[in-house]
Amino acid sequence: MATRNLDIIPLYDWGMFTEPRPSVIAGPCSAETEEQVMETAKGLREMGINVYRAGIWKPRTHPGSFEGVGSEGLRWMQRAKREYGLKIATEVASEKHVFECLKFGVDLVWLGARTTANPFLVQEIADALKDTDIPVLVKNPVNPDLDLWIGALERLNRAGIKKLGIIHRGFSTFDKINYRNDPQWQVAIELRNRYPELPFFVDPSHMAGCKDYIREISQRSLDLGFEGLMIESHCNPSVALSDARQQLTPDELSDLLYKQIKVKDKDSDSPEWKENIDQLRAKIDIIDENILYALGSRMKISRQIGEIKRNSNIAILQTNRWDKVLAKVMAKGEEYGLPEDFIKTVFNAIHEVSVEVQNEIISGK
Ligand code: PEP
Ligand code: MN
């Protein structure tokens, strides 16, 4: 699909984030009580946080879980904004949420993963945000569908939202993995390559699902050159009404940001940055996976051919066919700058194993 341009205002011109990296948005998963909102805000303000998050309406998997305090929580956040000079941020999932946020002076909103996956809601939110200047961050959809993610960005951008960025929080999986959500960094890297001007945040809290992995994910996202982190922090995580396992106290967050993670130089003149080795390695990993997938698919077809040969009583080897294949791939290989000997070795090895497999089929092993 052709990549359309997005018209983006650079992150450091939004009036809420400053260099150096990382730009941090921190705060509890959910606003729970006025005391919890104020105490957490105070702790975070004291350790240098400027942008304060809290969930007001919580999209929960199962009914009956804590679903957020609603607009009342915005009043508490507004107080935190007034008393501590914080910018405030929350998740919106409908036009009603947007109107409430505008009413209470929310400075930044984000779309949650479940909302990004729904173009009707994204459009409704984009329409409600028309003619406002409020920055919007778009979390990845729950499934690794890059076009769906880009489509949401396009809808918002078309509604005139130029203070636009993304939050990578990983993707749902059926199989149990260490992390709560699978990073699949290649998806974010592909988005970065297509829209290098788009500000990038990573949400290590929802990606990790527990405190243990927050450091390594934060470091990884800095190494990949991303601008920001959104991290959940609660004054007393063990009694949090949602996501208790993954929230850091303000002190723990301070340790993470100032002692544990290292920001590597993002000097635009340094060749190391220009060819960021981590980005390149991530690309190589993806290509290797694609090679394996292609080899596996080729082998499946070889087997099918083996079955046809067996059923039609045809010999495995038709040498002229293989000579033609080899000539074709060697010519193509040259176009891609690949040495002739290398192509010959690789394709003869592929052919050899194909013949072996077909042989097994024909001889009924
Ligand atoms: C959140 O940030 O609190 C949240 C619900 O995140 P996500 O949309 O990534 O699940
Ligand atoms: Mn949460």
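C29 and E232 are both buried (under 20% relative accessible area with a 1.4 Å probe, protein chains only; exposed is over 50% and partly exposed in between). This is a predicted model, in which local features need pLDDT of at least 70, side-chain atom pairs count only at pLDDT 80 or more, and totals for chains, interfaces and linings use all residues. Residues are numbered from 1 along each chain as its sequence is written, chains are lettered from A and ligands numbered from 1 in the order in which they are written, and side-chain values use heavy atoms, with hydrogens and water left out.

C29, in the loop between β1 and α1 (34-46), and E232, in strand β8, are 203 residues apart. Helices (H or I, at least four residues) and strands (E, at least two) are DSSP runs, numbered from the N terminus.

## Largest pocket

The largest pocket has a volume of about 680 Å³. Of its 37 lining residues, R180, N181, H206, D243 and Q246 are the closest to the centre. A pocket is an open set of points on a 1 Å grid over the protein atoms alone, where a 1.4 Å probe fits, with protein on both sides within 12 Å along at least five of seven lines; lining residues have an atom within 4 Å of a point. The volume is the space filled by probe spheres set on the points, which are joined across faces, edges and corners.

## Aromatic pairs

How many aromatic pairs does the structure hold? There are five. Rings of Phe, Tyr and Trp (its six-membered ring) pair if their centres lie within 6.5 Å; planes under 30 degrees apart count as stacked, over 60 as edge-to-face and the rest as tilted. The ring centres of F17 and F201 are 5.4 Å apart and their planes are at 55 degrees, so this pair is tilted. F17 lies in the segment before β1 (23-27) and F201 in strand β7 (residues 200-202), so the pair ties together parts 184 residues apart in sequence. Both F17 and F201 are buried.

F200 and F226 form a stacked pair, with 4.7 Å from centre to centre and 25 degrees between the planes. F200 and F226 are also buried. Ring pairs link W14, F17 and F201 into a cluster.
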